[in-house]
Amino acid sequence: MAELAVQDVVFALKHFHIDVDSKLRRRIEWSLGSGNYVWGEKNLKEELSNFILRRSRLNYSKLSDISLDDFLCEKYISFSQYRQYAKTLNASYCTPSIISTENLNSLDIDSNYLHYAKQISNLEEVIGELRNLGLSHIQCKMILGLGTKSYEKLKKRIQEQKKFEVSRPGRSEEDAWSFAKHIISDISVQKFTNLHVPPLTILETHQGIGDATFIYHKYGHVLGFENHHDSHEVFSQRVQKSGFFCNAREFYLKRFSSASLNSESLVFVNEEAISCTQGLKIVYEQGINFDVIDIDPWATSKPYFQDALSVIADQGLLMLTVGDQHPWPRSEMQGWENFGIDLFNIVLSEQTRQEWRRSWFFLRRACAWYMQSAAKQSICLLPIVLMRNFEPWSLRGDFSYGVTGIDRIYFLAKRAVSSEHIERVLQYWLEPLPFFNEMMVRTEVNTFVGPSGPVNFMSFSDDIWPEIKLLWPLYQNWLASTAKDVKLRWDCVEVTKSEEARSDLQKAIERAKKDKLAKSFDLADGWLKEL
């Protein structure tokens, strides 16, 4: 992965409407070890001694109390060199009292130069974004201008908040793109039931607290994996209360009867938290296949893809997350490398990269990679929708810093007699990626050999948000008002207006996208029938 640059941090801070002035930019440079001097030990000791003397002997006003980080940054003393020198103080028996580590640590207070952190209401989110970039906690503390005590208090608050978020049962629809993702998944599974006699068997590789599970349960029996203990416990409680709980042991050992499978749908729950890798191994060894598989980690789906293919039914629906470019912009090049494209930032100019972003080239390349990888296992994957929820480069009115959701690709899948048959189909669905010896999915399938039609590309900001923009605030207000009321959210006790708002949101998305999804299903299914 490329080394973190100053502009990566600047981009992340601007996402939170933080004004990066010259002082803050210099602090970022210092935290990354850029633009500092190499001090001799004698000179460094002298500078630190003078700093401590000024702070201890003079009765400075509060405005004059610059912090240790302020001083180090101002003097271009790298933190790594300071820390190395501090270690020698701890090891020395003859350390003068004026320059002891105790005195230095007492000056590690909040910055007198950087005040913005104290004015940010969502400081926890800022730290989360900086940490996603790969910054250490020490670097985050430096950039925010916080002393050790203040930062440790903040870290503790974040940890408590994480515990609350994990234990909070309810819908994961706090942002509009997540809501839209669930509706598109709902429509896709519903449409798939036209090709398959229900009830379906559905697998979730990353179940969380079960928000998608309660959607999929309408169409069949659901099994899922979740390796986070707290999330699994909350999910188990929710399902047990719902009345369609069944121990996953019965599913693995195939102790349920055909009559039970054809009756009311069940959600099979593991007794303990289990990782996706462990779970996929179990169902594979038991010879269990699934009609629908949802691979939904926050990041890339690649580590789970091959194992998921091994347990998909002869004709199935595969839904997967494409989070390979998170966090942006540092991971953009890494995302391309994940799908076989090296030197993306070197070979292409910034103008060309911008054109590729607008033209869906990354998602089209990822889609082709999954299709070609599946073909090697004699499985034909054809996309029914490429859903783009991640557009950090697309700045517009309601999203001044772009949309930062997670992309998704929905495939119809079918096992074939040989990979050669699949390769012939892929010739009509894929085309070369410019400048590189790799393929990407076409925008339109146009041939006399099989069905023709456009491939379904769905942008949240362009295609979905305009349809729900006016309806979203009412539902969002309900989400905000019930965020801390676990029982209300868990029991799904919604006031009439919020229930109507949710229903109106779903209908708006369905009106706008259901017909287009139906056509893309027909296009993919028509080609799969040729196999």
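I began with the helix pair: C276, T277 and L280 in α15 meet Y304, D307 and A308 in α16, contact being heavy atoms within 4.5 Å. By class, this contact has four nonpolar, one polar and one charged residues. (Ala, Val, Leu, Ile, Met, Phe, Trp, Tyr, Cys and Pro count as nonpolar, Asp, Glu, Lys and Arg as charged, and the others, Gly among them, as polar.)

A note on the source: this is a predicted model, with local features needing pLDDT of at least 70 and side-chain atom pairs pLDDT 80 or more, while totals for chains, interfaces and linings use all residues. Residues are numbered from 1 along each chain as its sequence is written, and side-chain values use heavy atoms, without hydrogens and water.

Next I looked up the axes, which are lines fitted to C-alpha atoms, for helices over the stretch in contact, with angles from 0 to 180 degrees between N-to-C directions. Those of α15 and α16 come within 10 Å and cross at roughly 10 degrees. That makes α15 roughly parallel to α16, the term for angles under 35 degrees.

Then I asked which residues of α16 are buried. They are Y304, F305, A308 and L309, where buried means under 20% relative accessible area with a 1.4 Å probe, protein chains only. They cover an arc of only 130 degrees around the axis, so they sit on the same side of α16; the arc is taken from the directions from helix axis to C-beta atoms. Their cover includes α15, β5, β6, α20, β7 and β10.

Last, I followed β6 to β10: eight bridges join these antiparallel strands, and M319 stands opposite Y410 in β10. Two strands pair if DSSP finds at least two bridges between them. Helices (H or I, at least four residues) and strands (E, at least two) are DSSP runs, numbered from the N terminus.

Methods: Buried < 20%, exposed > 50% of the residue type's maximum accessible area, 1.4 Å probe, protein only. Parallel < 35°, antiparallel > 145°, perpendicular 65-115°, else oblique.
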